[in-house]
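This report describes a protein model part by part. Look at the structure first, then read the sections below with it open.

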Amino acid sequence: MSIRQIGILNVSMGRDVTVVEPSNIYGCTLGDDVFIGPFVEIQKDVRVGKRTRVQSHSFICELVTIGEDCFIGHGVMFVNDTFSIGGPARGDRTQWRSTMIGSNVSIGSNATIMPVSICDNVVIGAGAVVVKDIVEPGVYAGNPAKFIRSHA
Ligand SMILES: CC(C)(COP(=O)(O)OP(=O)(O)OC[C@H]1O[C@@H](n2cnc3c(N)ncnc32)[C@H](O)[C@@H]1OP(=O)(O)O)[C@@H](O)C(=O)NCCC(=O)NCCS
């Protein structure tokens with residue numbers, strides 16, 4: 001039997017970072033004033049920009065970069081393995097794809113973010129599934145996520 005403990009390991013942290021335990025956070029970089037709620041996993045090489053908040057139960061996998069002043073709601077799931085070979089890549093990182101989230105991006109609870117780029121100043125609705133790059137600021141929702149309106 002092999003039991004591995006969760007923990008906070010090899011994390012590069014800026015000033016005044018808050019992490020609520022239990023969380024499983026390793027090998028990533030968290031900027032100044034980042035807040036990470038409980039039951040969050042953040043994998044290695046992820047970068048989270050200054051003042052971004054990650055709410056409870058979210059999963060941020062390898063190859064994800066998140067900008068500054070973002071809000072990642074509860075239970076937001078990021079994806080790097082799209083099952084492009086007909087199932088999980090089973091550790092073959094050449095099959096993984098990256099995600100780039102700009103700054104001032106708010107992602108509603110329970111959204112799923114496939115490997116895409118999202119520009120600055122975007123709101124993603126609760127439960128959305130984002131499958132394509134978002135290149136214009138605005139509010140997007142649904143599965144697949146579509147533009148619903150520009151900011152007020
Ligand atoms: C996407 C969102 C920002 C839109 O808010 P809004 O601009 O006030 O939108 P409205 O409520 O006026 O709805 C506009 C349309 O979008 C639809 N819509 C709104 N939110 C939606 C969502 N999450 N998924 C799918 N459709 C949605 C509405 O049904 C409505 O459709 P209609 O025009 O056909 O009737 C908001 O609904 C949302 O999901 N916020 C996320 C909040 C959240 O998760 N917070 C986390 C912290 S608790």
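Thr 18 has Phe 35 in β6 as its bridge partner. The model is predicted, and this pair of residues belongs to the pairing of β3 with strand β6 (residues 35-36), which is parallel and has 2 bridges.

Both strands are part of an open sheet of 8 strands. The order across this sheet is β3-β6-β9-β12-β15-β18-β20-β21, and the pairing is mixed. At the edges are β3 (18-19) and β21, each of which pairs on one side only. In general, strands of a sheet pair through backbone hydrogen bonds, and the pairing is either parallel or antiparallel.

## The hairpin at one edge

Strand β20 (residues 138-141) and strand β21 (residues 146-149) run antiparallel and are joined by 3 bridges. Ala 141 stands opposite Lys 146 in β21.

How many residues lie between the strands of this hairpin? There are 4 residues between β20 and β21, and Gly 142 has a positive phi near 100 degrees in this hairpin.

## Around the ligand

The ligand is surrounded by 13 residues, and the closest are Gly 73, Gly 108, Gly 125, Ala 126 and Ala 141. The elements that give two or more residues to this shell are β20 and β21, the two strands of the hairpin. Ala 141, one of the closest residues to the ligand, is also the residue opposite Lys 146.

Sorted by class, the shell contains 6 nonpolar, 6 polar and 1 charged residues.

## The sheet of 6 strands

A second open sheet is formed by 6 strands, in the order β2-β5-β8-β11-β14-β17. Its pairing is parallel. Here the edge strands are β2 (12-13) and β17 (117-118), and each pairs on one side only.

Ser 12 stands opposite Thr 29 in β5.

## The nonpolar core

The largest nonpolar core has 32 residues. Which of them touch the most other members? They are Val 48, Ile 60, Val 64, Ile 107, Ala 111, Ile 113 and Ile 124. At least two residues of this core come from each of β11 (64-66), β15 (105-107) and β18 (122-124). Of these, β11 belongs to the sheet of 6 strands, while β15 and β18 belong to the sheet of 8 strands.

Leaving aside neighbours within four places in sequence, Ile 124 is in contact with Ser 106, Ile 107, Gly 108, Ala 111, Val 130, Tyr 140 and Ala 145. Among these contacts, Ile 107 and Ala 111 are also core residues that touch the most other members, and Gly 108 is one of the closest residues to the ligand.

Key. Residues numbered from 1 in each chain as written. Predicted model: local features only at pLDDT ≥ 70, side-chain atom pairs only at ≥ 80, totals over all residues. Pairing = 2+ DSSP bridges. Near = placed C-beta within 6 Å. Nonpolar A, V, L, I, M, F, W, Y, C, P; charged D, E, K, R; others polar. Core = buried A, V, L, I, M, F, W, Y, C linked by C-beta atoms within 7 Å. Buried ≥ 20, exposed ≤ 12 C-beta atoms within 10 Å, placed from the backbone. Contact = placed C-beta atoms within 7 Å.
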